[in-house]
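Some comments follow on the model you sent.

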Amino acid sequence: MQYIYKPMPEPKLSKTPSIDDSSLIIDSHAGEWTSLGANNKIIESTFGDYTYTMDEVTVNYTEIGKFCSIASHVCINPVQHPMDRVTQHHMTYRKVAYHFAESDDKDFFDWRRTQTVKIGHDVWVGHGAIIMKGVEIGTGAVVGSGAIVTKNVAPYTIVVGAPAKPIKERFPAAITNKLMDIAWWDWPRKKLEEHFDDLNDIELFIKKHG
């Protein structure tokens, strides 16, 4: 039997966010050139320009910067249950669904909203990673596949494992500092187009723009 490989065509993106029809998006914002993949569940979160998610991604109460790459099956800011109550079951705050009251526990949901996650620019979150509540991930960081991030991650740092721990820096400190100063992720589209090829050569980029 002969197998024929036919690659799927890359979607054409635009300033208007591309959102798969199968995804559930609630009270969220996506910037220009963004792409949200299939079967995502996004609640009260923001996505900076050019950021994309793959399939089966869950994001709650999170601020994500520009040019971020979110792989499939990632969960960012999984919601908490009330461990200090007699029962952790959500009937105690989703009262209406269970006919225990005519309104839900607003204070509990407001508390959830205070436990935000913040992700900088140009961050890569690998397949199946989980980023826990209140964590901040610095610009340029990498979260390895399957990692469970419980603590803040410094810029341009690679973390792996459960719980996630730093294993290396992407660049020497001098280069990291230069990149942070240049802040290319804030360039307007015209400047990005003019210097697009520079993005493939770190030494040339630093020399030219640092």
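**Notes on the predicted model**

1. The model is predicted. Asp198 sits in the loop that runs between helix 3 (189-194) and helix 4 (202-209). Its relative accessibility is 6%, so Asp198 counts as buried, the cut-off being under 20%.

2. The side chain of Asp198 makes a polar contact of 3.2 Å with that of Lys208. A polar contact of 2.9 Å links the side chains of Asp198 and His209. With neighbours within four places in sequence set aside, Asp198 is in contact with Leu204 and Phe205 as well as Lys208 and His209.

3. Thr51 belongs to the loop between strand 6 (46-47) and strand 7 (52-53). Thr51 has a relative accessible area of 0% and is therefore buried. Beyond residues up to four places away in sequence, Thr51 touches Trp33, Thr34, Ser35, Ile64, Gly65, Lys66, Phe67 and Cys68.

4. Which backbone atom of Gly65 does the side chain of Thr51 reach? It is the oxygen, at 2.6 Å. The Thr51 side chain also reaches the backbone nitrogen of Cys68, at 2.9 Å. As for Pro17, 34 residues from Thr51 along the chain, the two C-alpha atoms are 9.8 Å apart.

5. An open sheet is formed by six strands in the order 2-5-8-11-14-17, with parallel pairing. Strand 2 (24-26) and strand 17 (148-149) are its edge strands, since each pairs on one side only.

6. Ile131 has Val149 as its bridge partner in strand 17.

Key. Residues are numbered from 1 along each chain as its sequence is written. This is a predicted model: local features need pLDDT of at least 70, side-chain atom pairs count only at pLDDT 80 or more; totals for chains, interfaces and linings use all residues. Side-chain values use heavy atoms; hydrogens and water are left out. Helices (H or I, at least four residues) and strands (E, at least two) are DSSP runs, numbered from the N terminus. Buried means under 20% relative accessible area, exposed over 50%, partly exposed in between (1.4 Å probe, protein chains only). A polar contact is a pair of N or O atoms within 3.5 Å; within protein, one must be able to donate a hydrogen and the other to accept it, and residues adjacent in sequence count only if both atoms are side-chain atoms. Contact means heavy atoms within 4.5 Å. Two strands pair if DSSP finds at least two bridges between them.
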